[in-house]
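Morning, everyone. Please have the viewer open. I'll keep this brief.

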Amino acid sequence: MHIQEFDYELPEDLIAQRPSEKRENSKMMVLDKENHQIQHKNFFNIVDYLDENCVLILNNTKVMPARLYGYKDTGAKIEVFLLKKYDGENRWEVLIRPSKRVRPGTVIKVSEDLSVEVVMPLPDDGKWVVKMLYEGDLLAILHKVGNIPLPPYIERKMATEELRQLDFERYQTVYAKNEGSVAAPTAGLHFTEEILEKLKAKGVEIGYVTLDVGIGTFRPVKCENILDHRMDTEAFEISEETAELINRAKAQGKKIIAVGTTTVRTLESAYKIYGEIKACKSASNLFIYPPYEFKVVDKLITNFHLPKSTLLMLVSALASRQFIFEAYEEAIREKYRFYSYGDCMFIL
């Protein structure tokens, strides 16, 4: 399949730079793929679509303050973007900008509590290994000196402290629990505690998985033939409780609604590895594109995705490429807000 089949043009003013005033007030485009129909709703209407025959699965990963700004002893400013732990407690895989200004042995001072020593480059898309130099609790230090790693299409060059705090609160789901991601599972940003309680009151069962979202979620596919693309590997975990919930629901004929593409990849990866949903800690590099036969997920709540992205290919596999692109064209006409802080889509 050619990459151009998953390209589209988006007016720049439709890229959401801030979240909606209230999470639940985002627009929600409802795609009925069986009847090929599109409806326009708000996210709070999700309560009308789910009942006791539905099981909602969410990714409860939590975004780390993974973007660090520091200085070399020369005074040169350096950005360090934490990706994931490398092979030891204090060694991390990172991106460094500008990377031309560092070499093995370079020390970058972030704060009085934290410095970063460059160890070695990796032969993978400009990544480096660094050693974190600190005393105490690293996560506590990161929350004090780090920044939320917003995607590159959200401009924050002159962010005020008020805006920084807004991002700390809103670029995180209300049910975020397990810290380890460098990007939010953005479909979940629309949920509030009140909506979750309303769904439970209707008999909707809710389960959680964890997939730590990596930097690859921002990267477009660069191969002309998408079959040549290789996904980044991301760690995931499914609890005994969630595995039992899903297996019981499937046996009873209930529908599994995934919140976000990360949840889809967690569930479909587990099925591919084990032939069933079971409690596990594993890793996913599953690339879902048309045609793909979904083994676990029946419906999907998702945001609007970047052109040429693996996420756009995944939703095209669920609802058909033609229907998805018709929906995106309508979303552009109707001035939907796109990407991480934007509006969402519910694929029935």
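Predicted model: local features only at pLDDT ≥ 70, side-chain atom pairs only at ≥ 80, totals over all residues.

Overall picture. The protein has eight helices and 17 strands. Its radius of gyration is 20 Å, close to the 20 Å that the globule rule gives for 348 residues, so the protein is as compact as a globular protein of that length. Along the principal axes, the C-alpha atoms fill a box of roughly 65 × 45 × 40 Å. Of the 348 residues, 54% are buried. The accessible surface is about 16200 Å², and carbon and sulfur atoms account for 46% of that. Now contacts. Take those between residues at least 6 apart in sequence: 71% of them join residues at least 24 apart.

Next, helix 2, residues 138-145. Which residues of helix 2 are buried? Leu138, Ile141 and Leu142. They span an arc of only 100° around the axis, which places them on the same side of helix 2. What covers them? The cover includes strand 5, strand 6, strand 7, strand 9 and strand 10. Look at the start of helix 2 too. There, a side-chain oxygen of aspartate 137 comes within 3.0 Å of the backbone nitrogen of leucine 139.

Two of those covering strands deserve a stop: strand 5 (67-71) and strand 6 (77-88). Strand 5 and strand 6 pair antiparallel, over five bridges. Glycine 70 has isoleucine 78 in strand 6 as its bridge partner. The two strands form a hairpin, with five residues between them. In the turn, glycine 75 has a positive phi of about 95°.

That's my tour. Over to you.

Technical notes
Residues numbered from 1 in each chain as written. Heavy atoms only, no water. Buried < 20%, exposed > 50% of the residue type's maximum accessible area, 1.4 Å probe, protein only. Helix = DSSP H or I, 4+ residues; strand = E, 2+ residues; numbered from the N terminus. Arc of directions from axis to C-beta. Contact = heavy atoms within 4.5 Å. Polar contact = N/O pair within 3.5 Å; in protein donor to acceptor, adjacent residues only side chain to side chain. Pairing = 2+ DSSP bridges. Rg over C-alpha atoms; globule rule 2.2 N^0.38 Å. Areas by Shrake-Rupley, 256 points an atom, 1.4 Å probe, with all protein chains shown as cover.
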